[in-house]
Amino acid sequence: MTRPVLEMRGITKTFPGVKALSDVHLTVRPGEIHAICGENGAGKSTLMKVLSGVHEHGSYEGEIRFEGESVAFKDIRASEKHGIVIIHQELALVPYLSIAENIFLGNEQAPRGLIDWNDTLRRASALLKRVGLRDKPSTPVADIGVGKQQLVEIAKALSKEVKLLILDEPTAALNDEDSAKLLELILELRAQGIASIIISHKLNEIRRIADSVTILRDGQTIETLTVRETPDSEPQLSEDRIIRGMVGRDLDHRFPDRTVYEGEDAGALALSVKGWTVRHPVDHQRTVVDDVSLTVRRGEIVGIAGLMGAGRTELAMSVFGRSYGQYVAGTVAVDGREVSTKTVPAAVDAGIAYVTEDRKQYGLNLIDNINRNISLASLPGMRRRGIAGLVDEHHERSVAERYRASMNIKAPTVFEQVGRLSGGNQQKVVLSKWIHADPEVLILDEPTRGIDVGAKYEIYTVIDRLAAQGKAVLFISSELPELLGMCDRIYTMAAGRLTGEVTRAEATQEVLMRHMTAHRS
Amino acid sequence: MTTTTTPPKDASEAPSAQRSTGALLIDMMRANMRQYGMLVALAFIVILFQIWTDGTLLLPSNVSNLIQQNGYILILAIGMMIVIIAGHIDLSVGSLVAFVGAMSAVMMVKHDMPWVLALVLSLLIGAVAGAWQGFFIAYVGIPSFIVTLAGMLLFRGLTQIVLEGQSLSPFPDGFQNIAKGFIPEMGPYTQYHNPTLVIGAATVAFLLFREWRHRKQQLAYDLDVTPTGLWVAKCVAMTAAVVAFTLTLASFHGVPVVLLIMCGLLITLGYVMRNAVIGRHVYALGGNKAAAKLSGVKDKRVTFLIFVNMGVLAALAGCVYAARLNAGTPQAGLNFELEAIAASFIGGASMSGGVGTVMGAVIGGLVLGVLNNGMSLVNIGTDYQQVIKGLVLLAAVGFDVWNKRKVGR
C-alpha cells in the first residue's frame with residue numbers, strides 16, 4: 001500500500017464541558033475520495049476544523065501528518081499553503097463581487113500591490129473551464145445559482161493548488177441535477193490526482209463516488225470501511241452497513257414513562273396538514289418542503305426525524321404563520337376545522353405554538369427578564385380590569401412565578417435577565433411562554449438541543465405532561481433515541497419530502513435512518 | 001421636578017431591614033443602573049450649580065424658567081426614547097418642529113384662525129408627517145435612519161417654502177400661554193399660589209394611594225413585597241420631594257402650563273410603555289425582532305404607530321417652541337433632534353434598542369437642561385457649553401458600557 005497523503009492520529013479536542021473528539025484516527029490514501037459519516041454532533045465538522053487549522057495547533061491533542069511530514073497549522077492560511085482546502089456548507093463567497101474576484105479573494109493577483117486584472121481574468125477563465133462552468137468570470141456571484149456557486153468555490157480551491165479538498169455537505173443545498181454535476185467534478189479531480197474528503201448524509205452519494213468511508217460516533221472513530229477496491233469497480237458496501245455503524249449505540253438517555261391521555265376526545269385529530277409545499281425564500285426554483293401531509297391526534301406525541309437540510313424546521317416555521325419561505329400550497333386544520341395560519345397571530349389564535357430550535361435568535365428577548373419573556377405571547381389575555389390593551393402586571397408576575405416553580409426554572413427571581421440563564425433554563429422559559437399561550441398543538445423544534453442530560457429529562461417530563469393533558473405535540477429532533485423514547489409515531493423526512501411513517505412498535509434507529517437517507521438518485 | 005422621583009437610596013433609613021433588604025436594593029439598582037446613576041448625577045449637578053450660582057439655580061423664578069426653557073426638548077426626548085427602544089432613530093424631529101411651527105404661524109397669523117383649532121390642526125399635521133415616515137419605515141422597509149434623514153431635509157425645505165424665508169408673528173395670547181403661561185391664581189391671598197398647592201396635595205395623595213394599592217395587589221397575588229420599613233421610607237422621601245417642589249413653584253407664579261403638558265405625557269406614555277400591550281411589544285421588538293415576530297407581535301403596525309406618536313409629539317414641541325418665540329421662523333428647531341437623542345442615551349437608552357424608560361428620557365433631558373441653564377448662569381460661553389455637554393454624553397454612555405461589562409463577567 002502506498003504512503004497515505006493524510007494521517008490524523010489520536011486527535012482529541014475538548015470544548016468547555018464537552019469532549020467533541022476523543023482519540024480520533026483518519027487515514028486518507030493519495031488520490032482517493034474518502035467519505036466521513038456520522039450523525040449530527042458526531043464530531044465530523046470539528047475534525048475538519050482541526051485539520052484545516054480553524055482550531056489551531058495546540059488547542060487539540062494528537063498528531064497530523066500530511067504527505068509524510070508532521071504539520072502544525074495555526075490558521076486556515078497555513079493549511080492552505082500545504083494544499084489543504086476546505087469548502088464549508090455555508091458558502092464563503094461575497095455576493096456582490098465577480099466570480100474572478102471571489103476566486104482570488106485573499107490571494108489577489110497583484111504583483112506590485114496593484115491588481116493585474118488581465119491576469120486575474122485569464123486565470124479565472126482557465127479555472128472555470130476546469131470545473132466546467134461557462135459563465136463569464138466578470139459575472140457577480142449573486143447572479144448565478146447555488147449549484148454554480150459551489151463550482152466557483154471549487155475553482156477557488158483549485159487556484160490555491162489544492163492537494164486535499166474537503167467538502168462539508170457539498171450537495172445539501174443543491175437540486176438533483178446540480179448534485180450529479182458536482183459529484184462528476186469530484187470524480188474528475190480524483191482522476192487528476194487530487195484527494196477529497198467528503199462529509200455527507202446522503203449514503204447513496206457516498207456509495208456512488210467514495211473509495212472508503214470512516215464512521216464517527218460520539219466523537220470517536222468507529223471504523224473505516226472500504227467502499228470499492230479500484231476507482232472503477234462497483235461498490236461492495238451496502239447502505240445498511242454504514243447505517244449500522246452510525247447508530248450502533250446503547251440507549252444512554254432515560255425517558256419518563258408516557259402518561260396516557262384519557263379525555264373524551266382522546267384520539268381525535270388535533271392537527272392535520274395537507275399537501276404543504278414551500279419554496280426557498282430566495283431561490284424560488286428550489287422546493288424546500290414538498291407536498292407534506294401529516295396528522296397529530298390529541299394526547300399524541302408525533303416525531304419528525306430527518307437529517308440536516310431535510311426540511312423539518314422549514315415545514316414547521318412555514319406552518320406557523322408562514323414564517324419561512326414562499327408558501328405554494330397546502331392546508332392546515334386544527335380540531336377538524338380548517339384554519340388560517342397566514343400570520344403568526346393567526347396561527348396562535350388557531351391554537352398552534354412553535355418552540356424554535358434556535359432559542360437565542362428566535363425564541364427569547366435575551367436582554368429582558370424571565371417575567372416578560374414568559375408573558376410575551378399571551379399579553380392580550382392578561383387584561384387589567386378587563387380593559388383590552390392593558391396588561392395586569394401583578395397577574396403577569398404571578399404567572400411567571402407559577403412557571404418558575406412548576407418548570408423548575410433555576411433563577412433567584414423572575415426579574416433575572418434571560419441572557420444570564422443556562423441553556424436548559426432558557427429552554428424552560430421558551431416552553432413556559434408557549435404553554436401559557438394555551439395552544440392545542442405544540443410544535444417543538446429540537447427542544448433539547450444544547451442542554452445537559454438532567455435538564456433534558458425535565459423537558460421530556462414537561463412534554464409528557466402536555467400530552468397527558470390532551471395537547472397534540474409534534475416533536476422535531478435529530479436525536480433518534482429521544483424520538484424513540486418519547487413518540488407514539490415518527491415521520492421521517494428527506495429532501496423536503498415525507499419518506500416514511502413508523503409506529504412506536506416498529507421504530508428502530510436502523511429503520512428510521514434508512515428512511516431518512518432515502519433519496520432519489 | 002428635579003427631585004420628585006428620588007428613590008430611597010439610603011438603606012439606613014429602613015430600620016427594620018430584613019436580611020434580603022440590601023440584596024433587594026442592589027438588585028433594583030443594578031436593573032436600572034443607568035437611570036439611578038443618572039438620577040444621582042442629576043442631583044450632583046443640581047447641587048454643584050446651586051453652590052456655584054450662590055443659590056440662583058433653585059430660586060423659584062429660575063426653576064420656572066428652567067421648565068419652560070426645556071419643555072419642548074423633554075417632549076421630544078419622550079418620543080425619541082420610544083423610537084430608540086424599538087431599535088430605530090428619528091433625525092427629522094428638529095425640522096418637523098420648524099415645519100409645524102411655521103404651519104401654525106400661517107394658520108393663526110395669516111388666516112386668523114382661532115388658536116385652539118390651529119393647535120389641533122398642527123398636531124394632525126404632525127401625525128400625518130409621522131405616518132408618512134412610519135409608512136416607509138414599517139411597510140416599505142427603508143431603514144429609519146435614511147427615511148428620517150430624508151425627512152430632515154424635506155420638512156426643513158417645506159418650512160422655508162411656507163414661510164417664504166420670513167418669520168411670522170405675533171401669535172394670539174392664548175397660544176403663547178402654552179409656553180409662557182401659568183395656571184391662573186384663585187382663592188384668597190396666602191402668599192403662595194393656591195391652585196399649585198392644591199395640585200401638589202393631590203399629587204402627594206395620588207402617589208401615596210398608588211403605592212398603597214400596588215402593595216396591596218402584590219400581597220393579594222402572594223408576591224414578594226418590599227420590606228415595610230423600606231416602603232415607608234420611600235413614601236416619605238417621595239412626599240418630601242413633591243412638597244419641596246410644590247412650595248418652590250407656588251412661591252412664584254405657580255405651575256407652568258408646559259409642566260402640566262409634560263407631566264401628562266410622562267404619566268400617559270410611561271403607563272403605556274409599562275402596562276399596555278403595545279408598550280411591551282415595543283420593548284420586545286427592540287430586544288429581539290425575530291423572536292417578537294414569532295411570538296405574534298405585529299411588528300409593522302407597532303413600528304408605524306411609534307412614528308405617528310413621534311410625529312404628534314414633534315408637532316406639540318413645535319407649537320410650544322413657536323409659542324415661546326412668539327414667531328414661526330425658518331431656523332426653528334435646529335439640532336433639536338440631536339438634543340433629544342442625547343437626552344435619551346444619557347437617560348438609559350441603548351443603541352441596539354430594547355431598553356430604556358420614558359422617565360429616563362426626562363432625566364436625561366433634565367441633565368442637559370440643568371447643565372445649559374447652570375452654565376449660562378455662571379457665564380460659561382456656548383462654545384465651552386457644547387464641549388462639556390459632549391463630554392457628559394460620552395461619560396454617561398461610557399459608564400453604562402463599563403458597568404455592563406463588569407456585571408456581565
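Which residues of helix α8 (residues 239-247) of chain A are buried? I started there. I counted a residue as buried if 20 or more other C-beta atoms lie within 10 Å of its own, as exposed if 12 or fewer do, and as partly exposed in between, with C-beta atoms placed from the backbone. Helices (H or I, at least four residues) and strands (E, at least two) are DSSP runs, numbered from the N terminus. The buried ones are Ile242(A), Ile243(A) and Met246(A). They sit on the same side of α8(A), because they cover an arc of only 100° around the axis. That arc is taken from the directions from the helix axis to the C-beta atoms.

Before going on, I noted what I was looking at. This is a predicted model, in which local features need pLDDT of at least 70 and side-chain atom pairs count only at pLDDT 80 or more, while totals for chains, interfaces and linings use all residues. Residues are numbered from 1 along each chain as its sequence is written, and chains are lettered from A and ligands numbered from 1 in the order in which they are written.

**Cover of α8(A).** I next looked up what lies over the buried residues. The cover includes β3 (33-37), α7 (203-209), β9 (212-217) and α17 (509-516) of chain A. Contact here means that the C-beta atoms of two residues, placed from the backbone, lie within 7 Å.

**Sheet in chain A.** Two strands pair if DSSP finds at least two bridges between them. Axes are lines fitted to C-alpha atoms, for helices over the stretch in contact, and angles run from 0 to 180 degrees between N-to-C directions.

I then checked one pair of strands. β21 (residues 489-494) of chain A runs antiparallel to β22(A), and 6 bridges join them. Ile490(A) has Val502(A) as its bridge partner in β22(A).

**β11(A) and its partners.** I looked up two pairings of this strand. β11 (residues 269-279) of chain A pairs with β12 (residues 287-297) of chain A in the antiparallel sense over 7 bridges. Ser272(A) stands opposite Thr295(A) in β12(A). β11(A) also pairs with β14 (residues 326-334) of chain A, antiparallel and over 7 bridges. There, Lys274(A) stands opposite Thr331(A).

Which residues other than glycine did I find with positive phi? Glu67(A) has phi near 50°. Glu67(A) is in the loop between β4 (61-66) and β5 (69-71) of chain A. With 15 other C-beta atoms within 10 Å, Glu67(A) is partly exposed. Asn408(A) has phi of about 60°. Asn408(A) is in the loop between α13 (393-406) and α14 (423-436) of chain A. Asn408(A) is partly exposed too, with 14 other C-beta atoms within 10 Å.

In chain B I noted a cis peptide bond between Ser169(B) and Pro170(B), with omega about -5°. Pro170(B) lies in the loop between α6 (144-163) and α7 (173-180) of chain B.

**Chain B overall.** I read 16 helices and 0 strands in chain B. Buried residues make up 45% of its 409 residues. Among contacts between residues at least 6 apart in sequence, 81% join residues at least 24 apart.

**A helix pair in chain B.** How do α4(B) and α14(B) lie to each other? α4 (residues 93-110) and α14 (residues 336-346) of chain B pack at an angle of about 130°, with their axes 6 Å apart. They are therefore oblique to each other. Angles under 35 degrees count as roughly parallel, over 145 as roughly antiparallel, 65 to 115 as roughly perpendicular and the rest as oblique. Val93(B), Gly94(B) and Val97(B) in α4(B) meet Phe336(B), Glu337(B) and Ala340(B) in α14(B). By class, this contact has 4 nonpolar, 1 polar and 1 charged residues. Ala, Val, Leu, Ile, Met, Phe, Trp, Tyr, Cys and Pro count as nonpolar, Asp, Glu, Lys and Arg as charged, and the others, Gly among them, as polar.

**Where B touches A.** The contact takes 23 residues from chain B and 29 residues from chain A. On the chain B side, α11(B) gives the most, with 6 residues. That side has 12 nonpolar, 8 polar and 3 charged residues.
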